[in-house]
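Subject: Structure handover

Hello,

Please find the structure below. My notes on it follow.

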Amino acid sequence: MSDVGTARVDVVLVGAGIMSATLGALLCLLEPDWSITIIERLDAVGAESSGPWNNAGTGHSALCELNYTPQRADGSIDITKAVTINEQFQVTRQFWAYALARGVLTDRGFVNPVPHVSFVQGARRVDYLRRRRAALAGNPLFERTEFIDDPDEFARRLPLMAAGRDFSEPIALNWAADGTDVDFGSLSKQLVDFCVRTGATMLFGHDVRNATRQSDGSWTLAIRDRRTGEKRSLNTKFVFLGAGGDTLPLLQRSGIKEAKGFAGFPIGGRFLRADAPALTAAHRAKVYGVPAPGAPPLGALHLDLRFVDGKSWLVFGPYAGWSPKFLKHGRVSDLPRSIRGDNVLSMLGVGLTELTLVNYLIGQLRLTHADRVRALREFAPGAVDSDWQLTTAGQRVQVIRRDRRRGGVLEFGTTVVGSADGSTAGMLGGSPGASTAVPIMLDVLQRCFSNRYQSWLPMLKEMVPSLGAKLSDEPALFDEVWSWGSKMLKLGVS
Ligand SMILES: Cc1cc2nc3c(=O)[nH]c(=O)nc-3n(C[C@H](O)[C@H](O)[C@H](O)COP(=O)(O)OP(=O)(O)OC[C@H]3O[C@@H](n4cnc5c(N)ncnc54)[C@H](O)[C@@H]3O)c2cc1C
């Protein structure tokens, strides 16, 4: 670990998760002469939500997640959200390919091809899935999917899910062969390594306590060494708060008016996990079901093949957990301390309108191991309790935003909140999350460095050739960037 060495730097990135790591790598590529310091309270990169066991590792591109394609009142399927998410993932995928080609990333093992599959049971849902596929089929980003309702083909593709299944009820799959499993922890480490190789300073075990605006528009950060208790300060022209769940409290303490009215609601995740070779050999896909009533978006149960440190695992969940902490390694005082005069009405508004979510969470907290394995048997009918262990994943702090009519609304997306002059920005919310880190950080660059962004554009277009274009409308460009990305990332269909 190196010393800060200077009391003033060009850029400070708070937190060493996938968001800061991505922004750091982009800035190191664009402005290699800038002084950049990354400050992380823990002793490792990607040890909170970005760690492989703290998230589901899905390269979210809306190929299989049914919450992105709701049915409208008139029965038609709304694909707007699915197309947006997929477009965002294409941006991320292109940057990863560029980063490998340029030696920014040195190990392509962080991303692996794993089919993304939607799974439904019952005639009504089979019909929905068929219409969903038809609605997406005209879009080049979703063209290569297959609809499967034949039990024999189901059994050939998903032996673990077919064993012991009663096929008298109709079933269907939507099969996208080119999905991915991503170890965002490994990716974050590689990106931070690149920043350090380019000259950035990485401070582990240091907590950023506060950010105070100076009269010249810069920010002074109060930092505490968690081992020695020593306090220090660091001045910077630009600070990015990539502190995961801790971003909201830091934004609140910074005093910027843009953060007023925001509040956060933490929801934890738990998964069942198994590594028996007989199980991992019989299930080679990520299979997403239909979200349960009241479940938050991305709360749909899924049975996933995962790759972590070169080993195959099966993971099933998520089951919701609850704790007032904003980070897995946070404090129980996080939620109460985040309640302020400017957001108390937003929180009360949500408390009164989100009763279905509250009921869902209470139901989740009451589940026993046997209940969880019973839910797993909807996917893998032959599941045995002793093969599966419960793990606790990361905390997602959902954004509560002020709303004139209802007091406050709970949102499940991602929001970048920053000062109007662009000297600070922080990322709130957690869905679809790490998969969209690159477009979110490009947005931060555009908002916070508006005077430089134009001059960066030629280089940014090298990194993301489709930047500014909508690939859904440009099939030839999509084919080109897709093939190049697949080659660089070695993402031939598994
Ligand atoms: C259960 C679950 C499942 C998920 N599944 C997926 C998925 O399948 N696909 C997907 O794309 N996304 C998924 N996500 C979302 C994804 O994990 C997050 O969006 C992403 O990891 C957030 O990255 P981050 O860098 O913002 O935060 P984090 O990875 O949480 O990093 C924040 C860092 O800041 C540090 N920090 C905090 N406060 C301070 C401070 N004051 N000073 C210094 N350092 C500080 C923390 O220690 C931490 O290392 C999931 C999330 C959860 C919880």
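Is Asp334 buried or exposed? Asp334 is buried because its relative accessibility is 8%, where buried means under 20% relative accessible area, exposed over 50% and partly exposed in between, with a 1.4 Å probe and protein chains only.

Conventions and confidence

This is a predicted model, in which local features need pLDDT of at least 70 and side-chain atom pairs count only at pLDDT 80 or more, while totals for chains, interfaces and linings use all residues. Residues are numbered from 1 along each chain as its sequence is written, and side-chain values use heavy atoms, with hydrogens and water left out.

The chain has a mean pLDDT of 94, and 98% of its residues reach 70 or more; pLDDT is the predictor's confidence in each residue, from 0 to 100. Over residues 1-6 the pLDDT stays under 50. For residues 1-6 the model has 15 contacts beyond four places in sequence, a contact being heavy atoms within 4.5 Å. Where pLDDT is low, the predicted coordinates should not be read in detail.

Salt bridges

A salt bridge here is a side-chain nitrogen of Lys or Arg within 4 Å of a carboxyl oxygen of Asp or Glu. The count by this rule is 25.

Asp334 pairs with Arg331 at 4.0 Å, N to O. Arg331 is partly exposed, since its relative accessible area is 39%, whereas Asp334 is buried.

Asp385 and Arg377 form another salt bridge, at 2.9 Å from N to O. Both ends are partly exposed: Asp385 has a relative accessible area of 29%, and Arg377 has a relative accessibility of 30%.

Arg447 bridges to Asp443, with the closest N and O atoms 3.9 Å apart. The two sit four residues apart, about one turn, in helix H13 (residues 437-448); helices (H or I, at least four residues) and strands (E, at least two) are DSSP runs, numbered from the N terminus. Arg447 counts as partly exposed at 41% relative accessibility, and Asp443 counts as partly exposed at 30%. Through shared partners, salt bridges also join Arg41, Asp207, Asp246, Arg331 and Asp334 into one network.

Nonpolar cores

A nonpolar core is a set of buried Ala, Val, Leu, Ile, Met, Phe, Trp, Tyr and Cys residues joined through side-chain atoms within 4.5 Å. The largest has 63 residues, of which Phe95, Trp96, Phe240, Leu445 and Leu460 touch the most other members. Helix H1 (residues 18-30) gives the most to this core, namely 10 residues. Leaving aside residues up to four places away in sequence, Leu445 touches Leu23, Leu26, Leu27, Leu30, Ser450, Tyr453, Trp456 and Leu460. There is a second, separate core of 39 residues, and among its members are Val9, Ala259, Ala263 and Leu335.

Phe119

Phe119 belongs to strand S4 (residues 116-121) and counts as buried because its relative accessibility is 3%. Beyond four places in sequence, its contacts include Phe154, Met161, Arg165, Tyr288, Glu378 and Phe379. Arg133 is 14 residues from Phe119 along the chain, and their C-alpha atoms are separated by 12 Å.

Surface patch

Ile339, Val344, Leu345 and Leu348 make up a nonpolar surface patch with about 370 Å² of accessible area together. Patches are made of residues with over 30% relative accessible area and no salt bridge; like charges are joined within 9 Å, and nonpolar side chains (Val, Leu, Ile, Met, Phe, Trp, Tyr) within 5 Å. Accessible areas come from the Shrake-Rupley method with a 1.4 Å probe, and for residues only the protein chains shown count as cover. Leu345 lies in helix H10 (residues 344-353) and counts as exposed at 62% relative accessibility.

Backbone

Most residues other than glycine have a negative phi, and most peptide bonds are trans.

- The Gly317 to Pro318 peptide bond is cis, with omega near 0°; Pro318 lies in strand S15 (residues 311-321).
- Ala62 has a positive phi, near 60°. Ala62 is in the loop between strand S2 (36-39) and helix H2 (80-101) and is buried, with a relative accessible area of 0%.
- Asp309 is not a glycine but has a positive phi of about 50°. Asp309 is in the loop between strand S14 (302-308) and S15 and is exposed, with a relative accessible area of 75%.

Regards
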